[in-house]
Amino acid sequence: MRLFSLRLIVSLIVAITLVSVLSVYNQVRGERRALRGDLERRAAVLADSLAGNVQPNLDTRSSKKLQQIVERFSNREHLAGIAVFDEKLQLLAQSAGLSDRMQGRPAVIMQAMTSKQRQSAFVNANGQSLYVYVVPLNPEAYENSGVLVIVHDARYIQAQTNRLWRETFFRVLVQVFLIVLITVLIVRWSIAGPISRVSQWLRALRVGRAEASVPMPDFDLLRPLAREMSSIAQSLAAARSAAEREAQLRQDAESSWTSERLSVHVRSKLGNSRLFIVSNREPYSHVRSGKTVQCVVPASGLVTALEPILRACDGTWIAHGSGDADRETVDVNDRLPVPPDEPRYTLRRVWLTKEEEEGYYYGFSNEGLWPLCHIAHTRPLFRAADWDDYRKANIKFADAVLEEMGSTNNPVVLVQDYHFALLPRLIKKKRPDARVAIFWHIPWPNPEAFAICPWQRELLDGLLGADVIGFHIQAHCSNFLQSVDRTLECRIDWEHSAVNRQGHRTIIKPFPISVEFPANQNLTSKPNSIYLDRVALLRELGVDAMFVGVGVDRVDYTKGIQERFLAIERMLEKRPTYQGRFVFIQIGAPSRTHIKRYHDLLADVEAEAERINWRFQTSTWKPIVFLKRHFGHSEIMRYYRAADLCMVTALHDGMNLVAKEFIAARDDEQGVLILSRFTGAARELLDAVMVNPYDIESTADAVCQALEMAPEERCSRMLRLRKMVREQNIYRWAGNLVTDLCEVRLQTADEHGSRAQAQAASLGD
Ligand code: G6P
């Protein structure tokens, strides 16, 4: 650092001196030119006025008169003397002292005489600079001609020039000193100071004692560096806390799943292969908002669950590019690295036409399969045209997956959800070396219900192309096996929960999905800060209340939102003491509103909240705050943590991750979960207060029970729930799925052929 400063100072001194000397040199030259010009002018003026007086006396050769004239004029400033010569250069008159200063006759006098023109020159006489100005007199005549010589002492020009150099020298000296001083101070304060603070901070970071914010002044030059360093610090802190957790767990002889463990596990299982995930909903979509493009994480439990897996093992996620600015943000291969701030894996977007999206997504997937699989009393709609689009979209996605796999050996593919029932078969047909699993995130209905689907055979055949089919709970697996049993010719291995068909074996297994458990699980939030945040939240919402309930859902008819509102209304009727004291905040992300049923539902839910509010509200309070928009994950955390209770009252749900997210958020070990018994989560979260959401009366009682639960019971329930979610987290889900899939023994083509024959024969018997 010292050497750097020294070099900087020397360079500055040299540079400033050079520039100053050059500019002064120019200035001095200009000044000298001006002084000389001025002297010339003065000599010329004097010569003009003298010539008129001298001329008549030259004619008469009156030396005396001439002497008087030159004496009279010779006391001017800087004038060294005046002399008059005749045509033979004989001196006629000369002012006193001139002969001492100018010995001999400078050549310029002769030049003027012969050229008959005025001449001037600076000459050096006895080490003195003189300016000699010569005017021919009577130049036309030979007789009586001569020259008038005016001699100026030019030393003052040199003296002035020297003074200028001297002054400049001192000025440059002061300038150099000041600039160097200022530069050294700037370097010390703006660079050396921050650098030394940052290096102290880095030292603290190395030993894990640094704060998250980088101690750097906030100005443009250093801002990108500060940003990068603070993200490195965050990653390091996360890695350190994960490592500590691992060590802690090893010590406790527990075996919990973390993102690090999943990455190691998946990498060891995959070997040289890669992981591919296919889903309809993309994890990041780009949407236009005015003139800017925003990156949005959509409201989807599926996205919440899968994102940590790909972050952990750097694969490719293939999904429908549904954002209106999605095409602008991909490369030529329709790929982009995500998450945008800290890329960890690749997103490959697949494009669908409006018509395809209408038939495949809105139509067959969400008006057909969704109500078919959920018992929520909305009738499924099956249109042949929608089915056709569904088939075509599945083929389009299969092509994209095959393209992404390229030359990867034994790729591992995790297909997601009911949008892609045909995909496993399509992929396997082209790539028998691929290991394919499909996870069905929604319930599988009983065989009677499923049987109403006109394309049940095709759906089951497509699904059975997979090596593993996963559901959330055993009941859905059993329903699926019974549907297969009733619909297709195959051999079901009930004992091992597998289907053998045309020489291919598919394992059907429950894999209860979950959420990521926050890394800071040991840092229990301070009750005081939670309380203050809740007060601030209520102030923002403009309600005054003592108790807070929360619900977080896509606005979907399977979520039982209206039933929930009715239960709250009933609770307020039954226990009026809660009027003015209990507020329920419902976050409702509008969803699939292009479908009329969903569009109407949104309006109905809003109207229901309004109706109940109208009944009870006061000037400072209302029972239901309905927030109709999509909230990001971190925004929702605030609501979870502010709540005394969370209501999950789905009429039917594969799992429901809101229930698990609420538990994961409560590191203060407070809060009560009210959970519908018709969710997959109810099989695991046994310490929730269970409800039948259709039973408004008992759901209302459950709200009271939650609000009035003894603090010890509340805490011990939450502790057990948290232990469950911590252990059965999303990494375990992914780890188990990948393990089972990678343990599948892929058949050779010969084995496949002979098994198929044997099975055909046995079925024929
Ligand atoms: C459910 C489905 C997901 C889907 C999500 C959101 O959780 O299982 O596949 O992504 O709902 O629905 P959307 O239609 O908006 O993707």
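**Notebook: cysteines and helix H17**

I searched the whole structure for disulfides (a pair of cysteine sulfur atoms within 2.5 Å) and found 0. The model is predicted, and I took local features only at pLDDT of at least 70 and side-chain atom pairs only at pLDDT 80 or more, while totals for chains, interfaces and linings use all residues. Residues are numbered from 1 along each chain as its sequence is written, and side-chain values use heavy atoms, with hydrogens and water left out.

I then looked at two cysteines. For Cys453, the closest cysteine sulfur is in Cys373, at 8.9 Å, which is too far for a bond. Cys453 is buried at 1% relative accessibility; buried means under 20% relative accessible area, exposed over 50%, and partly exposed in between (1.4 Å probe, protein chains only). For Cys477, the closest cysteine sulfur is also in Cys373, 13 Å away and too far for a bond. Cys477 is buried, at 0% relative accessible area.

Next I examined helix H17, residues 596-616. Helices (H or I, at least four residues) and strands (E, at least two) are DSSP runs, numbered from the N terminus. H17 has 21 residues and spans 31 Å from first to last C-alpha, close to the expected 30 Å, which is 1.5 Å times one less than the number of residues.

I listed the buried residues of H17: Tyr598, Leu601, Leu602, Val605, Glu608, Ala609, Ile612, Asn613 and Phe616. They line one face of the helix, because seen down its axis they fall within an arc of 130°, taken from the directions from the helix axis to the C-beta atoms. An α-helix has 3.6 residues a turn, so residues three or four places apart point the same way. On the face turned away from the buried side I found exposed Lys596, Glu610 and Trp614. The cover over the buried residues of H17 includes helix H9 (354-373), helix H16 (561-574) and strand E20 (624-627).

How values were computed: Contact means heavy atoms within 4.5 Å.
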